[in-house]
Amino acid sequence: MPKLLQTTAAWRISIWTTLAFALGTALAFSIVYFLVARAIQERSDAWLNGEAEVLARVSANMPRDRLYKRIIGEVAELATRELPDERNARGQSLNSVFFLESESNSNESPLWVGPGSDELFLRAIQQAKLVPGIPQSIKVEGWPTTFRVVFRQGKERTMYLGLSDRGATYLLRTLTLRFLVLWSSTVLMGFLISYVSARRTLLRVQRITDTVARIGSEGLGERLPEPVNSDEISRLAKTFNRMLDRIQSSVNELRSVTDAVAHDLKSPVTSIRGALETTLSRDPNEKWRDSVGDAIEGLDRLLNALDTTLDVAEAQAGALQLDRSTVDLSAVVRQLADLYKPAMDERHHEVMLDLEEQVVVDADWGLLNRVLINLIENEIAHLPAGCQVTVRLSSRDGSAILVIEDNGPGFPPDISTRAFKRFVRGKDSHGHGLGLAFVDAVVRAHGGTAKISNSPAGGAVVTLSLPASVLHAA
Amino acid sequence: MRLLIVEDDVAIQGFLKRALAESGYQVDIASNAKAGELKALEGIHDAFIIDLGLPDMDGLELIVRCRAQGISAPVLILSARRSVDERVKGLEQGGDDYLTKPFALAELLARLRNLLRRSSATQNDSVHLQTADLQLDLVHHEARRGDHLLQLTPQEFSLLEYLCRNAGRVVTRTMILDHVWRMRIDPTTNVVDVHIYRLRSKVDHDSAMPLIHTIRGVGYVLKHA
């Protein structure tokens, strides 16, 4: 089934549209993500700058007494409360703010308001090359997210204000997660929708293909249904129907021409033949009998050649009418071998049959017989005396394979590539050059193939392959 | 026996009339379907020979019209068409027969005889056939020439039986293939002749009086010379 899926155009179309859709939406999300991340950062940077300004002013106006630390600490605490309350799903506050102020000319420990100890932060700040007034991200050991830090350089004191990116990270992660869920479900949905609609459309094409194939093999009378709407596929059906009309009319034309030729030639030949035959039965004069007999046989050969020519012409134009029935090929071959045994014996040919039983084809019995007779008579006409002819029949992969092989001189190289063309014959051949063309045309009309080759030992090999009909279990 | 031939080709009319008259039939001729229908309605014919390609009407239609008016005599259809029409096959099942042009006179006569015999329903189902000193026992599949038992293969026996049934009448190669091998084909090689040679070598081998004769261009006949 998966292998079958991959061969349908619906599969390929929906894969490509889905891929394009998925990439497009992913790109759109990346842009949104980038914009949101930047907006959040701008917001926190504005806050940091504003608060740093406030704190700097407070610090400049405050005397350095023992209350100083407490007041600055409280101002810093208050500042964190000004932030919109960002909490995660478990209700924990996601903002983390620190404030650090150190005096350059004093050995006092710096003023610290914030989570944990000031040492790790101080180290991280010293490592980062900060520019006054411009917020930057620093990584602090022991904290999973970065801190956005701004610093102000006063005359005596240096002041740092930092805000954890935890809230922004959490927000962006939630955004990404929701996008992924939404994205994968819409992509899947999009794939299903495009697959189903492509498949529905292409099934109409498939129906056209099936019908046209059937029309080709079962006569040209049938037509495709033409839907009222005029989309591309309806137009395809209409175009096919117009084409079938033309093919049918030219096939009918060909048939009426061949019938007319046959009729116009057969009527006079019938009367000539009849006149000759009545002469034979009336006049026992031995002098003419042989000549009259020869004339009759000549007429028969002429008509035979005419019929075969017309059959080949019709078959090659796809206009041969097949009167199909279930034919047991093994039985037909055996019967013909029986019929031709004395003729083969007379030339000291040995016929070997290697026939699989019950090889059944759906074919025109009469035409198939003529095909086989053509091949057998070819052997009789071309083989030097005392050869061996092997006929093998087997069924393989839904085909009936008939191989006729001899150990004679094989096909001459000059005809082996053209042997199936009309009127092509070997230099020493006495036939009218229609035999193999007829074989090929009829086998093709049945949907099979005919091949000629020379065996490694040099003999001629003719291989016919016909579509086998469903074998009934023996 | 009185026959009606409906055929527009004058040359074919001519030789058919001669040949059939020589075989002892009374023959009437119509050159088109209208005239044929009028003559057929007289109801005096034992069989019809009707060409399919008539100038004024399709031969099949003529047959249908005659049948509709109660004419039941068997029809031998002549056709110059290459493929045999489904409708013609239907008629064949209904007891009529068809022959494609050009045909051998011998075959036309044989089929006509067959049709007339069928319509009068007197089948010759004897179990012994005899011509001169050749005897066939159809039950035991034995053939004797005088006192001598012939060693024949089943195929040779069927062939000899067919010749014997038509003793005195010419059979063509096509007829032999049709009746003995059940194949309607026209071989271009001498496949039938070889069978006949073999049979002849057994039947006529040590007899001063040959029975199987070749008629060049026509076929074979088994007869007491």
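**Exercise 1.** How are α2(B) and α3(B) oriented to each other: roughly parallel or roughly antiparallel?

*Solution.* The model is predicted; local features need pLDDT of at least 70, side-chain atom pairs count only at pLDDT 80 or more, and totals for chains, interfaces and linings use all residues. Residues are numbered from 1 along each chain as its sequence is written, and chains are lettered from A, with ligands numbered from 1, in the order in which they are written.

Step 1. Helix α2 (residues 33-40) of chain B packs against helix α3 (residues 59-68) of chain B at an angle of about 25°, and their axes are 10 Å apart. Helices are DSSP runs of H or I with at least four residues, strands runs of E with at least two. Axes are lines fitted to C-alpha atoms over the stretch in contact, and angles run from 0 to 180 degrees between N-to-C directions.

Step 2. Angles under 35 degrees count as roughly parallel and those over 145 as roughly antiparallel. α2(B) and α3(B) are therefore roughly parallel to each other.

**Exercise 2.** State which residues make the contact of α2(B) with α3(B).

*Solution.* α2(B) contributes Ala33(B), Gly36(B), Glu37(B) and Ala40(B), while Leu62(B), Arg65(B) and Cys66(B) come from α3(B). Contact requires C-beta atoms, placed from the backbone, within 7 Å.

**Exercise 3.** Describe the contact between chain A and chain B.

*Solution.* Step 1. Chain A gives 42 residues and chain B gives 35 residues.

Step 2. On the side of chain A that touches chain B, α6 (232-282), α7 (286-316), α8 (329-346) and α9 (365-382) each supply at least two residues. The largest share, 15 residues, comes from α6(A).

Conventions: Two residues are in contact if their C-beta atoms, placed from the backbone, lie within 7 Å. Angles under 35 degrees count as roughly parallel, over 145 as roughly antiparallel, 65 to 115 as roughly perpendicular and the rest as oblique.
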